[in-house]
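Subject: Model handover

Hi,

Here is the structure I promised to pass on. My notes follow below it.

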Amino acid sequence: MSHWTLKQKSAVFAAVSCWVLDAFDFFLLVFVFSDIAKSFNVSIEEVSLAVFLTLAARPIGALLLGRLAEKYGRKPLLIINVIIFSSLELASAFAPTLFIFLTIRFIYGIAMGGIWGVASSLALETAPEKSRGFVSGLFQAGYPAGYLLAAIVFGALYSVLGWQNLFIIGSLPIFLGLYIWFAVDESPVWLASKQKDKTNTPLLPIIKNNWKLCLYAVLLMTCFNFFSHGTQDAYPIFLEKQQGFAPHTISFIAISYNIASILGGIFFGSLSAKIGRRNAIIIAAALALPAIPLWAFASGSVMLGVGAFIMQFMVQGAWGVIPVYLNELMPEGARAVLPGFVYQLGNLLASMNLSLQIYIANHANGNYSIALAVVAGCAAIGILLFMLLGANKFSTKKI
């Protein structure tokens, strides 16, 4: 990064930080399902609706906030988005009933949905072109980095503070808005488009003219979201309920596999600049399959920790290529809205994941291993099929 300017570094740092802290807020929830259920006197299945509603609302935010970012710029929308999702995280701590809590998490999902597309476009449009594979991996590594941060905070503070105070801590990202305001410049690509009066291109004609591409991207991202959420969301429940691990053991394993996620995202994102986006995704998804037995069926914290490390290195390795892959795949004039929109539509279609895995586990006598393996395996195979059979039909880039 020695050839980068200070402004380029600041923009990428801000974009990655937004995704890290947004993911941190989201993943705090998965560690405290049992506590929230006890607080509201409901089942874990009912509380898991919060994840479904958050994921289901994200396409709304991707479309609305992404479209506004095309019109008014990446920077102001990113600031607004940070303020909104941080405020809603704070509100979650004071919800008096499950219904209000679920309502807040749905609105939070709208805010979360706007972050990915706007922040990734700012990062990729500002970074030097030769570094975009690395930036893609670094940006997507922000998601497991947020999970890692949530695991650390949970492990260190949960027993002292309780779940409500963890959500209060989750509102601190609001101060990131000040950094973006003072230290980050607007995307040079957006500024150039504004001068050419190309920032308000109607979205529907773009989708209509590229409907096959959009459909392909949505289905691919559905598989990708089952791949990530299917290996993340229920894993703490699996470690707690089926393995009987204490909170500090769960936290340690989560820290381990999220370090692997960060390394995998950066490694495969950088590798994609050398071997192509498509090949990097195929390798990572294929190598996740033989890791499933160790990750889901091993016994003991050490072996499960090793399996989780390998699995998340591959899962987030494949994901590390996605920001730049989708950005290059989509037409100019819609790169703040379409990549995020198809990503979040995939999230919507995969938003049933946690409820599905809990359902499978409950009908397998509480065996979460089966639920984890079925979803992760099917998702990996789906990604491989889409990349092998469809990727080259839709891109003129080196993928």
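The protein chain has 22 helices and zero strands. Both are DSSP runs numbered from the N terminus: helices are H or I with at least four residues, strands E with at least two. This is a predicted model, where local features need pLDDT of at least 70 and side-chain atom pairs count only at pLDDT 80 or more, while totals for chains, interfaces and linings use all residues. Residues are numbered from 1 along each chain as its sequence is written, and side-chain values use heavy atoms, with hydrogens and water left out.

**Overall**

The C-alpha atoms fill a box of roughly 60 × 45 × 40 Å along the principal axes.

Of the 399 residues, 60% are buried. Buried means under 20% relative accessible area, exposed over 50%, and partly exposed in between (1.4 Å probe, protein chains only).

**Helix H10**

H10 covers residues 176–183, and its buried residues are Leu-176, Gly-177, Ile-180 and Ala-183. Seen down the helix axis, these fall within an arc of 160°, so they line one face of H10. The arc is that of the directions from the helix axis to the C-beta atoms. An α-helix has 3.6 residues a turn, so residues three or four places apart point the same way. Leu-178, Trp-181 and Phe-182 are exposed on the other side of H10. The cover over the buried residues includes helix H1 (6–28) and helix H5 (74–92).

**Ala-14**

Ala-14 lies in H1. Ala-14 is buried, with a relative accessible area of 0%. Leaving out residues up to four places away in sequence, Ala-14 touches Leu-176, Tyr-179, Ile-180 and Val-184. Leu-122 is 108 residues from Ala-14 along the chain, yet their C-alpha atoms are separated by 9.2 Å.

**Asn-327**

Asn-327 lies in helix H19 (residues 322–329). Asn-327 is buried too, with a relative accessible area of 10%. From Asn-327 to Gly-155 is 172 residues in sequence and 36 Å in space, C-alpha to C-alpha.

Best wishes

Definitions and conventions:
Contact means heavy atoms within 4.5 Å.
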